[in-house]
Amino acid sequence: MDFKNKRVLVLGLGLHGGGVAVARWLCKQGAQVTVADTKSSQELAPSLHALKGLRIRFVLGKPHTVDLLKNCDLIIKNPAVPRELPLLAQARKQKISIENEASLFLKLCPSKLIIGVTGSKGKSTTTALLGVMLKQHNRKTVIAGNIRDTVLFDVLDKISVKTPVVLELSSWQLEQVGEHRLRIPISVVTNIYPEHLNRYRGLADYTQAKSYIFKYQNSDDVLVLNADNALSQTFIKSAKSRVYLFSLKKKVARGCYAQSGAVWWRDGGVASQLFKFSDLKLLGEHNLANALAAATAAKLAGV
């Protein structure tokens, strides 16, 4: 993708670093960048300071109106910007491509080993645990995504074909991943519970957003699901990939399970012990479940 002289609208700068990183990266590629945010310059002061000196047009402190689409080639939407925004509906009519930082990153990332982690609870902890496991295996592993201290476009240029990449992905980020039919080779869903229903039309709509993490996988890919969570289990029927499970309550034929004070791995054959409960320094049954999810994905990634 060539961004030289592309007229790009970054819709929502925010204060968490993602908007700053993508705007900075686009400027480096020679794009003509406009940043629009409904917050004022005072509210956005830290983010604006981080972009000081770059050739960016700012439209701040006002609603996102359709006039922002004039001479626009591409929109990078902040996950906090509602998908029902009239400006976005008009952009689709005008066939202006709409990305968010996650979808654009996945299109540009050269790595052949990308692991995506989502879920209602535990995705941050699972991503961190998985990242540590992979770093022990390959110190060049990159952990990024829905994480404030490591945003996607701060790490993109450090990634090669062989770099393992672990991404925490929210349902909002996955909306554009689904719209662009993007494939994530190893996908992990920690669990699904009724959350963010103020943003979605209902539980089914929210669950569908989560499902985009695996929807465009193929038969060579793998999906890791929570055998103890009913909504996660509904994904099995629609998965085109190989499904592996993790469970605190029962043995699984493929994946990780807890038994007799230890975590076991099994892939159709004889089970092997990975670690004891006492090896895990994080307290609580929920964190043991997170460790099971991470260990399953790590094994599938070759650790």
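**Strand β4 and its surroundings**

Modeller: In this predicted model, strand β4 pairs with strand β5 (residues 97-99) in the parallel sense, through 3 bridges. Within that pairing, Ile 75 is placed opposite Ile 98 of β5. Strand β4 (74-77) also has a parallel partner in β1, to which 4 bridges join it. There the bridge partner of Val 8 is Leu 74 in β4.

The side chains of β4 may be taken next. Leu 74 and Ile 76 point one way from the strand, Ile 75 and Lys 77 point the other way, and all are buried.

The loop between β3 (56-60) and β4 (74-77) holds Asn 71, whose phi is positive, near 60°, in a residue other than glycine. In the segment before β1 (7-11) one finds Asn 5, also not a glycine, with a positive phi of about 65°. Asn 5 is partly exposed, at a relative accessible area of 48%. As background, most residues other than glycine have a negative phi.

The structure holds 1 cavity of 30 Å³ or more, and the volume of the largest cavity is about 50 Å³. Among the residues that line it are Ile 76, Lys 77, Asn 78 and Pro 79, together with Val 10, Gly 12 and Glu 101. The lining also includes Gly 18, Gly 19 and Val 22. Both α1 and β4 supply at least two residues of this lining, and the largest share, 3 residues, comes from α1.

The elements that give two or more residues to the lining are α1, α7 (171-179) and α8 (203-211). Of these, α7 gives the most, with 3 residues.

Because 7 of its 9 residues are buried, α7 is largely enclosed by the rest of the structure. The buried residues are Ser 171, Gln 173, Leu 174, Glu 175, Gln 176, Val 177 and Gly 178. Just after α7, Arg 181 takes a positive phi of about 55°. Helix α8, another contributor to the pocket, has Asp 205, Tyr 206, Thr 207, Ala 209, Lys 210 and Ser 211 as its buried residues. Among the elements that cover them are β6, α5 (123-137) and α7.

In soluble globular proteins, nonpolar side chains tend to be buried together.

Neighbours within four places in sequence aside, Leu 167 is in contact with Phe 105, Leu 106, Ile 114, Ile 115, Gly 116, Val 117, Ala 144, Gly 145 and Leu 152. Ala 144 also stands opposite Leu 167 of β8, in the parallel pairing of β7 with strand β8 (residues 164-168), which extends over 4 bridges.

These two strands belong to an open sheet of 9 strands with mixed pairing, in the order β7-β8-β6-β9-β10-β11-β12-β13-β14. Its edge strands, β7 (142-145) and β14 (272-276), each pair on one side only. From one strand to the next the twist averages 20°. Across β6 (113-118), β9 (186-189), β10 (222-226), β11 (242-247), β12 (254-259), β13 (262-267) and β14 lies helix α10 (residues 285-300), which runs at about 150° to β11.

Notes. Residues numbered from 1 in each chain as written. Predicted model: local features only at pLDDT ≥ 70, side-chain atom pairs only at ≥ 80, totals over all residues. Heavy atoms only, no water. Contact = heavy atoms within 4.5 Å. Buried < 20%, exposed > 50% of the residue type's maximum accessible area, 1.4 Å probe, protein only. Pairing = 2+ DSSP bridges. Axes fitted to C-alpha atoms, helices over the stretch in contact; angles between N-to-C directions. 1 Å grid on protein atoms, 1.4 Å probe; cavity = no way out; pocket = protein on both sides within 12 Å on 5 of 7 lines; lining within 4 Å. Points joined across faces, edges and corners; volume = space filled by probe spheres on them.
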